[in-house]
Amino acid sequence: MRIDLHAHSTASDGTDSPAGLVAAAAKAGLDVVAITDHDTTAGWAPAAEALPPGLTLVPGAELSTISVDPVTGRHISVHLLAYLFDPESPAVVAEQTRLRSERRWRLRVMAERMAADGLPVDPDEVMSLLPEDGSAGRPHLAQALVRAGVVSSVNEAFGSYLGNGSGYFVARQDTLVEDAIDMIAEAGGVTVIAHPFAYTRGATITVDVLAGLAAHGLTGVEVDHPNHDEETRVQLHGLAGELGLVRTGSSDYHGTNKTIDLGDETTDPLALEELVARSTGYQVVTR
């Protein structure tokens with residue numbers, strides 16, 4: 001079986017519609033794909049409705065969370081994949097609604113800063129093109145820069161204008177990762193830390209923090225990811241075994257916003273079985 005547990009649609013910052021995502025997964029030869037848009041479950045229903053025969057859909061989301069460094073007090077961004085939770089859980093609905101509002105506010109402020117500096121970006125236009133019930137992200141602003149001819153690609157936009165060190169960058173008020181783990185567990189779901197040691201993306205959590213999250217109830221860790229080199233994968237594989245964490249692998253597909261294809265990284269079927277067995281909030285969808 002070929003299983004990819006981390007993919008995004010236009011419900012957040014991917015370029016494939018939810019229906020297009022499952023069609024692309026089938027075309028890529030996947031047996032299982034997870035839809036994990038940022039801070040939203042808006043893509044679940046349309047993806048399920050369009051699911052091709054023979055493909056299994058794992059409904060999920062990628063939650064915007066932070067870890068507070070116990071030594072320095074610094075906030076470290078943590079991407080938390082949540083699977084098979086009850087999407088109508090009041091706590092989940094309230095926090096995802098807050099985070100989507102935070103994301104839209106942040107995107108507008110960044111767009112306004114760019115416009116004030118003379119970049120050919122129209123904040124109103126950027127906001128008008130966002131999916132109505134979806135989740136805003138920096139790739140939406142990157143696409144505006146590409147359309148305006150300021151940059152030639154989304155990657156160039158992040159490298160030149162949208163990265164964490166840029167003067168246009170605006171931070172979000174994300175959920176404490178321990179609170180997010182508790183929230184998803186209470187909603188019957190399971191949680192997996194996405195690309196935890198992707199050092200090229202910025203500051204990451206430490207081994208000690210990962211161990212603490214495992215003790216707190218974290219279910220798994222994304223070992224095989226395009227931003228993990230071989231040494232990091234070996235390290236995470238060993239740590240997962242020591243900490244009792246389920247090991248996953250995923251492409252982190254965003255359509256044309258990234259150069260990664262569906263199925264470039266995959267998850268062992270036994271790992272998926274373990275995630276499903278530990279969840280009670282929602283079921284996988286099959287045709």
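Colleague: In this predicted model, which residue in β4 stands opposite Glu62?
Modeller: Strand β3 covers residues 56-68 and is joined to β4 by nine bridges. Glu62 belongs to that pairing, and its opposite residue in β4 is Leu81.

Colleague: How do β3 and β4 run, parallel or antiparallel?
Modeller: The two strands form a hairpin with six residues between them. Within this hairpin, Gly73 takes a positive phi near 80°. The direction of β3 and β4 is antiparallel.

Colleague: How many of the nine residues of β4 are buried?
Modeller: Strand β4 spans residues 75-83 and is mostly covered. A residue counts as buried when its relative accessible area is under 20%. In β4, the number of buried residues is seven.

Colleague: Why does Thr248 count as buried?
Modeller: Thr248 is found in strand β8, residues 246-249. Leaving aside neighbours within four places in sequence, Thr248 is in contact with several residues, including Val192, Val221 and Leu275. The cut-off for buried is under 20%. Thr248 counts as buried because its relative accessibility is 2%.

Colleague: How far apart do the end C-alpha atoms of residues 3-67 lie?
Modeller: An unreviewed UniProt entry lists residues 3-67 as "domain: Polymerase/histidinol phosphatase N-terminal". In the model, this span is 25% helix and 32% strand. Its end C-alpha atoms lie apart by 28 Å.

Note on methods
Residues numbered from 1 in each chain as written. Predicted model: local features only at pLDDT ≥ 70, side-chain atom pairs only at ≥ 80, totals over all residues. Heavy atoms only, no water. Helix = DSSP H or I, 4+ residues; strand = E, 2+ residues; numbered from the N terminus. Buried < 20%, exposed > 50% of the residue type's maximum accessible area, 1.4 Å probe, protein only. Contact = heavy atoms within 4.5 Å. UniProt positions renumbered as here; feature names shortened; annotations may be inferred. Pairing = 2+ DSSP bridges.
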